Structure formats: C-alpha cells, structure tokens
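Here are some exercises to work through with the structure open beside you. Try each task yourself before you read its solution.

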Amino acid sequence: MSVAAQALDRRPLDAIAVGLMLLLCASWGLQQVVIKVTAPLMGAVMQAGVRSAIAALLVYGFTLWRRQPLWQRDGTLPAGLLAGLLFGGEFLCIFVGLGHTTASRMAVFLYTAPVFTALGLHFTVPGERLRPAQWLGVIAAFAGIVIAFADGIGNGIGGATTSPTQGGSTLIGDGLGVLAGALWAATTLLVRASPLASAPASKTLLYQLAVSAVALLALALMAGQHIDVQFNGLVFASLFYQSVLVAFASYLAWFWLLRQYLTSRLAVFSFLTPLFGVTFGVVLMHDVVGVRFAISALLVLGGIVLVNRRG
C-alpha cells in the first residue's frame, strides 16, 4: 500500500483519540517533575540510564510476544546506533539540565523540538517547505526562547542563591533544555531520512532505548553515581512511571495513534504537553512563573501551533 493510500485510511480524531492524547500529553508533561523529585536520591545520568534499560527490556519482550523480526539485515543498524546516541544525548541534557532549571522551564524548552524539526525538514525535504504562517511560528518560538533566556539570566543577577527554584540563574539548565529539543528533532529527521523510516516502530524505539541505556549507564558508572543511590518507595515509583508508563506504554500508544488517525490532527496536541508541564511545575514544585517567562512560554506555544498547521 502506498503512503498516500495509508494516509487516506487514517481517520479524523474521535473521542477515544482525543482522550488518549490528553492522557499522553499530561503524562509527558509530568515527567519533568518526576525526574526532578527523584534527583536527590538517584543521580541524573544513572536515573536516565536505568529508565532506558528497563524500557528497552519491556520493548524487547513486546516484540517477542508480537513475534516481530528484529535481527534480519535490513540496513537499519548504522542509523539505529546513531538514533540511540542522539536519544541518549537528549535525555542526558534533560536529566542534567533539571538540576539547573525548574521543571516548568524545562518543559517549555524541551518542546521546542517541533520547531527544530520543521526547520530541518524545510532544508532537507523539498515537499516540506515552510509557508509564511509557519515561518511566523518559528520566529515567535525563537523570540520566546530569547525572552526566556533573558529572564533566566536576570534571575541570577544579584541573587543570593544559585538554586533555580529560589531565584538563581537558570541559564545552564535552559540551554540544555533547548539542546535536548534540538537533539529530539535531529532524531526525528534521522528516522525519517534513513532505513528506519520503513522499520517497525518497536524496532526503532528499541534501538533508541538500548543504545542510550548502554551509553548513559557507562557514563553514570564512570561518574560514580551508582554509589550514592538511595533506593526507596519514591525511587521505585519514579522509575516505574518513567520507564513503564512513559518510555514503554505511552510511546507504543503514540505509535498506535499514528497508525490509526491523521498525523496532522495529532500534531496539534503538541502544545498541550509543555502547558501541562508548566502547570505541574507550578502546582507540584511551586515553580515561580514571572511575567517575562509567561510571555516567552506563550510565544513558544503559539509558535508550535503555527508550525504544526497544514494547508
């Protein structure tokens, strides 16, 4: 079946799709809060590596249950290894960055990924040129980033503390959040432009999880983060949420939605995830959202909506 025919088979969003997308966006938005809460008990890199390792085992078990072939020579290995390294780099930036910024700010910066993806597609795929409204979205999003960076620098000027939750500069964490969004976009572009585009979604996800698990756990061991881990109920609950509910179940649910419904309609929900992230950060972590950051967040969210518009 051709790509065009597959697109015609996909249907508009119904109540099931809308409800599931709201649940997924909420779970993805909450993830930054969960990571930050667990950080004092388990090092950032160690936490990211364990998350990927558990999720990789679950995805591998899922492929065995579905009897999906994994080991045939289909030309995906080089791209799969690179995708895994990009994926690992993305989550390294997220987990480390959350030690230098708030969960609310990380949620906004991370989900600039659709903007970076649209820019990458514009320069690499002739059929994905940005239209004027989408260019306006790119400009709005980057204007929001600049304002947010100025806000993060301003918080640290004359501050008595370096804690981002107490008024310290968030510049390092904000920068890592933007870099994470760019790496996420690079992974998306790689998957689309490589043999991974025709590989089963579970195989592509397994590449990302398995390679990132090896790389991140190796970094964590070299940094000695395995020594000071404090295993308790909170850590186990956090790892269950991150690995089982988010990295495994939610990603598979997302791939199922992509096969059943119109992708352009699903993409509109992209702006809800950072909105949930900011809300959870304010309510659960007591993050302070000033006027400048509120303006920057609205610009970024508006830019995401415009970039995802289709003619």
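**Exercise 1. Find how many salt bridges the whole structure holds, then describe the one formed by Lys203.**

Step 1. Keep in mind that this is a predicted model. A search of the whole structure turns up four salt bridges.

Step 2. Lys203 pairs with Asp74, and their closest N and O atoms are 2.7 Å apart. That is within the cut-off of 4 Å for a salt bridge.

Step 3. Now place the two partners. Lys203 sits in helix 9, while Asp74 is in the loop between helix 3 (44-65) and helix 4 (77-97). The pair links distant parts of the chain, 129 residues apart.

Step 4. Lys203 has 4% relative accessibility, so it counts as buried. Asp74 has 31%, so it counts as partly exposed.

**Exercise 2. Work out which residues are joined into one network through Arg105.**

Step 1. Begin with the salt bridge between the side chains of Asp151 and Arg105, at 2.8 Å from N to O. Asp151 belongs to helix 7 (residues 132-156) and Arg105 to helix 5 (residues 103-110), and the two are 46 residues apart.

Step 2. Check how covered these two are. Asp151 counts as buried because its relative accessibility is 8%. Arg105 is buried too, with a relative accessible area of 5%.

Step 3. Follow Arg105 to another partner. The side chains of Arg105 and Asp174 also meet in a salt bridge, again 2.8 Å from N to O.

Step 4. Salt bridges with shared partners join Arg105, Asp151, Asp174 and Arg292 into one network.

**Exercise 3. Check whether the end-to-end span of helix 9 agrees with its number of residues, and see what follows the helix.**

Step 1. Helix 9 covers residues 201-222, which gives 22 residues.

Step 2. The expected span is 1.5 Å times one less than the number of residues. For helix 9 this comes to 32 Å.

Step 3. Compare this with the model. The end C-alpha atoms of helix 9 are 32 Å apart, which agrees.

Step 4. Look just past the helix: Gly224 takes a positive phi of about 75°.

**Exercise 4. Decide where the buried residues of helix 13 lie around its axis.**

Step 1. Helix 13 (residues 291-307) has 17 residues and reaches 24 Å from its first C-alpha to its last, close to the 24 Å expected.

Step 2. List the buried residues: Phe293, Ser296, Ala297, Val300, Leu301, Gly303, Ile304 and Val307.

Step 3. Look down the axis of helix 13. The buried residues fall within an arc of 155°, so they line one face of the helix.

Step 4. Turn to the face pointing away from the buried side of helix 13. That face carries the exposed residues Val291 and Leu298.

**Exercise 5. Find how many residues of helix 6 are buried.**

Step 1. Helix 6 (residues 113-124) has 12 residues, and it reaches 16 Å from its first C-alpha to its last, close to the 16 Å expected.

Step 2. Of these 12 residues, 10 are buried, and helix 6 is mostly covered. Among the buried ones are Phe116, Leu119 and His122.

**Exercise 6. Describe how helix 2 and helix 10 cross.**

Step 1. The axes of helix 2 (residues 15-38) and helix 10 (residues 233-260) come within 10 Å and cross at roughly 150°.

Step 2. Angles over 145 degrees count as roughly antiparallel. That is why helix 2 is roughly antiparallel to helix 10.

Step 3. The crossing of the two helices is left-handed.

Methods
Residues numbered from 1 in each chain as written. Predicted model: local features only at pLDDT ≥ 70, side-chain atom pairs only at ≥ 80, totals over all residues. Heavy atoms only, no water. Helix = DSSP H or I, 4+ residues; strand = E, 2+ residues; numbered from the N terminus. Buried < 20%, exposed > 50% of the residue type's maximum accessible area, 1.4 Å probe, protein only. Arc of directions from axis to C-beta. Axes fitted to C-alpha atoms, helices over the stretch in contact; angles between N-to-C directions. Parallel < 35°, antiparallel > 145°, perpendicular 65-115°, else oblique. Left-handed = near helix turned anticlockwise from the far one by under 90°.
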